Number of protein chains: 2
Amino acid sequence: MPIPRAAQTQRRTRIQEEKEEQILEAALDVFSQHGFKGATIDHIAEVAGMSKPNLLYYFRTKEAMHRALIERVLDTWLDPLRAFNAEGNPESEIRSYIRRKLEMARDYPRESRLFANEVLRGAPLIEDELKGPLKELVDEKAEVIRAWAKAGKIAKCDPYHLIFSIWSTTQHYADFDVQVRAVLGQEKDGDGRFEDAARFLEQLFMGGLSIRG
Amino acid sequence: MPIPRAAQTQRRTRIQEEKEEQILEAALDVFSQHGFKGATIDHIAEVAGMSKPNLLYYFRTKEAMHRALIERVLDTWLDPLRAFNAEGNPESEIRSYIRRKLEMARDYPRESRLFANEVLRGAPLIEDELKGPLKELVDEKAEVIRAWAKAGKIAKCDPYHLIFSIWSTTQHYADFDVQVRAVLGQEKDGDGRFEDAARFLEQLFMGGLSIRG
DNA sequence: CAATAATTTGACCGTTTGGTAAACATTACA
DNA sequence: TGTAATGTTTACCAAACGGTCAAATTATTG
């Protein structure tokens, strides 16, 4: 009598929804802190408050858990870029994109680190996502930026490297948090630090794109 | 008859120097690619072309290897910042700092990734280094930048976040190389890509600091 | 060359880890 | 309420891994 795995059933029960959520929440904790190899199923199970075999009832392998998690994260991770609007004016669009990305680094540092860990190790699980959907989205937005530059609304610049620089500067505050904290010391608390970073980055990018602040 | 471990001897022999170098080179390969937990002694031994017990003759534990490696890397990693000169003029100093950091991301991506991995997992091995020597160095250079701003040579800005943004934008090309390549596609080769990034970053920071390019 | 010190290796060990088997418990539903 | 499907747990396994040991080999030096 084969046990029907949750992942194989047609309709998901209430328990499945709850438990899978519970597991992914714990998995996010552990994977983002220790990386894929460093994370253990036992540890995730402990954080999730359930037994190891119970975890493996919902996700058959550690990799399946990681894959489910990272695909979900990747999706929401790109929301700010999707919100980037060609119709809006360049200043407010770029400004609010930077701010949203910075807010995400502040509010969802685990997601940022999970992603960083995955890319650092060569992105074996999401290579296709990067080369497909991600590239297409970036291509589309890069075209918007290029049009703005052509119309003289912002300085001429390489739109891809502009996007990279916004990603890197904002995510830095999540991924390198330990270093940032070590350098800045205890003086500034979370909110003050966030505001300082936001102010600086707006100045940097507005100036760099020749947009008067 | 206790075997004198290489690390314990007073003077290092020729063989010790060679082999330790050989091991650290292999370790850099493996640690930077797989992270601390993901790296195995067997794998490092294989890359180094020697047996596992032989490795452990020179470095008693995996952690000792990692520590030796990361301390060496951290030291050379900060050279560009140390070269930052208060006497020089702001434009050329900042410009060449960016370029040096970008060159390091291009020429030493393994070192960058090793460091990123370490910080991502909470920097357990170099916490003291970050809070001590690193912080002091950054404090010193931040003061230089602040003085430049006060003298009206560059726009007023938070010097710490300026340094963070230079770190993050340049190191991004090493740490997130897979993503960068996925988005940019095969069109641009290594050198062209590097020049594009360099041009963009110079424009960004010169403009952001109100320095005319 | 002899003898001592330094280096290298194959075999091995205890622990951790990802994952399984099967019995047991609970839930959903006719 | 009975029964089949779903969910949970205890006990366990094989492989991988960090590290040790003692014997063998090579290098150094008096």
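Reader: Where do B:Arg95 and B:Glu91 sit relative to one another?
Author: B:Arg95 and B:Glu91 are four residues apart in helix H6 (residues 90–107) of chain B, separated by about one helical turn. Helices here are DSSP runs (H or I, at least four residues; strands, E, at least two), numbered from the N terminus. This is a predicted model, in which local features need pLDDT of at least 70, side-chain atom pairs count only at pLDDT 80 or more, and totals for chains, interfaces and linings use all residues. Residues are numbered from 1 along each chain as its sequence is written, chains are lettered from A and ligands numbered from 1 in the order in which they are written, and side-chain values use heavy atoms, leaving out hydrogens and water.

Reader: What do the side chains of B:Arg95 and B:Glu91 form?
Author: They meet in a salt bridge with an N to O distance of 2.5 Å; the term requires a side-chain nitrogen of Lys or Arg within 4 Å of a carboxyl oxygen of Asp or Glu.

Reader: How accessible are B:Arg95 and B:Glu91?
Author: B:Arg95 is partly exposed at 22% relative accessible area, and B:Glu91 is partly exposed at 28%. Buried means under 20%, exposed over 50%, and partly exposed in between (1.4 Å probe, protein chains only).

Reader: Which parts does the pair B:Asp42 and B:Lys52 tie together?
Author: Their side chains form a salt bridge of 3.5 Å, N to O. B:Asp42 belongs to helix H2 and B:Lys52 to helix H3 of chain B, so the pair links parts ten residues apart in sequence.

Reader: Staying with H2(B), which of its residues are buried?
Author: B:Ile41, B:Ile44, B:Ala45 and B:Ala48.

Reader: Turning to the interface, how much area do chain B and chain A bury?
Author: About 4500 Å², 71% of it on carbon and sulfur atoms. Buried area is the accessible area (1.4 Å probe) that two parts lose on being put together, summed over both. B:Leu120, B:His161 and B:Val183 supply 16% of the area that chain B buries against chain A, more than any other three residues.

Reader: How many salt bridges cross that interface of chain B and chain A?
Author: The rule finds zero salt bridges across it.

Reader: And how many residues of each chain are in contact?
Author: Chain B has 50 residues in contact with 51 residues of chain A, where contact means heavy atoms within 4.5 Å.
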